[in-house]
Amino acid sequence: MATSSNYWEDLRKQARQLENEVDLKLVSFSKLCTSFSSSSSNRDQRTRDTRSDSHGSSQDSMLVAMTTELEQLLASLTTVNDKMAEYANTPGTLSHNAALMHTLQRHRDILQDYTHEFHKTKSNFSTLREREDLLGSVHRDIESYKSSSGVNNRRTELFLKEHEHLRNSDSIIDNAISIAMATKENITFQRGMLKSIQTRVTTLANRFPAINSLIQKINLRKRRDSLILGGVIGICIILLLLYSFH
């Protein structure tokens, strides 16, 4: 039984460690996606050179590496959760099954939240990148048209103005996404605090039966001592009365 308990504790330690790593990586991943969008916007506003292309390629490599690492961490966390589920369903753990299932469900909820946040951030980044690629393509088409025609006519001016409006709208959207990312980080922190408080409340609630039992034992002992003391006092009074009459 001790070996099984140690195995369960090892699984919980692995789950908590992986959850902390995933949480930190998700925050870094969100910041990297936001910085990629900003740098991509700045690169599209000026002429691309070898240095800017190299910087973009470096960011692409970092994003690919971090995406792969997060996928591996989530897969490892899923494996640990599956092992915890197998242990909780073992016949020898039925006496502790309620507490084990509560802990298992909490870790499953955390895994589900992290998986949802990862896919959401990844999807938002893909959308941003597609828009940046589209705007970059429009910009290149305009430059190509200007270089081929050599005439800055009215149609080109209108095209450039429309492109500038799109660029301004893109900047506003980027700011809104940055605010949303910061809000998400705050919510993640608050969620961690609430989960910690919930764990402490659950632990305290589980300890209440033992505390109540101890208080009852103390009260019973007090009552017994009071009865014994009363009996002794009564006998002493009777003896004194008998002695005084004789």
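## The largest cavity

Helix α1 supplies the largest share of the lining of the largest cavity, three residues. Helices here are DSSP runs (H or I, at least four residues), numbered from the N terminus. The elements that give two or more residues to this lining are α1 and α4 (154-245). The lining residues are D23, L26, V27, E117, K184 and T188. By class they are two nonpolar, one polar and three charged. Ala, Val, Leu, Ile, Met, Phe, Trp, Tyr, Cys and Pro count as nonpolar, Asp, Glu, Lys and Arg as charged, and the others, Gly among them, as polar.

The model is predicted; local features need pLDDT of at least 70, side-chain atom pairs count only at pLDDT 80 or more, and totals for chains, interfaces and linings use all residues. Residues are numbered from 1 along each chain as its sequence is written, and side-chain values use heavy atoms, without hydrogens and water.

The structure holds one cavity of 30 Å³ or more. On a 1 Å grid over the protein atoms alone, a cavity is a set of points where a 1.4 Å probe fits but cannot get out; a pocket is an open set with protein on both sides within 12 Å along at least five of seven lines; lining residues have an atom within 4 Å of a point. Points are joined across faces, edges and corners, and a volume is the space filled by probe spheres set on them.

## The largest pocket

The largest pocket has a volume of about 510 Å³. It is lined by 20 residues, and E19, N20, I110, Y114 and G192 lie nearest its centre. Two or more lining residues come from each of α1, α3 and α4. Helix α4 gives the most, with nine. The lining divides into six nonpolar, six polar and eight charged residues.

## The nonpolar core

The largest nonpolar core has 27 residues; V22, F29, L70 and M84 have the most contacts inside it. Such a core is a set of buried Ala, Val, Leu, Ile, Met, Phe, Trp, Tyr and Cys residues joined through side-chain atoms within 4.5 Å. Helices α1 (2-45), α2 (50-88) and α3 (97-149) each give two or more residues to this core. Helix α2 gives the most, with eleven.

F29 touches L63, M66, T67, L70, F118, T121 and K122, not counting residues up to four places away in sequence. Contact means heavy atoms within 4.5 Å.

## V80 on α2

V80 sits in helix α2. Why does V80 count as buried? Its relative accessibility is 5%. Buried means under 20% relative accessible area, exposed over 50%, partly exposed in between (1.4 Å probe, protein chains only). V80 touches L11, Q14, A15 and L18, not counting residues up to four places away in sequence. The C-alpha atoms of V80 and A15 are separated by 6.3 Å, though the two residues are 65 residues apart along the chain.
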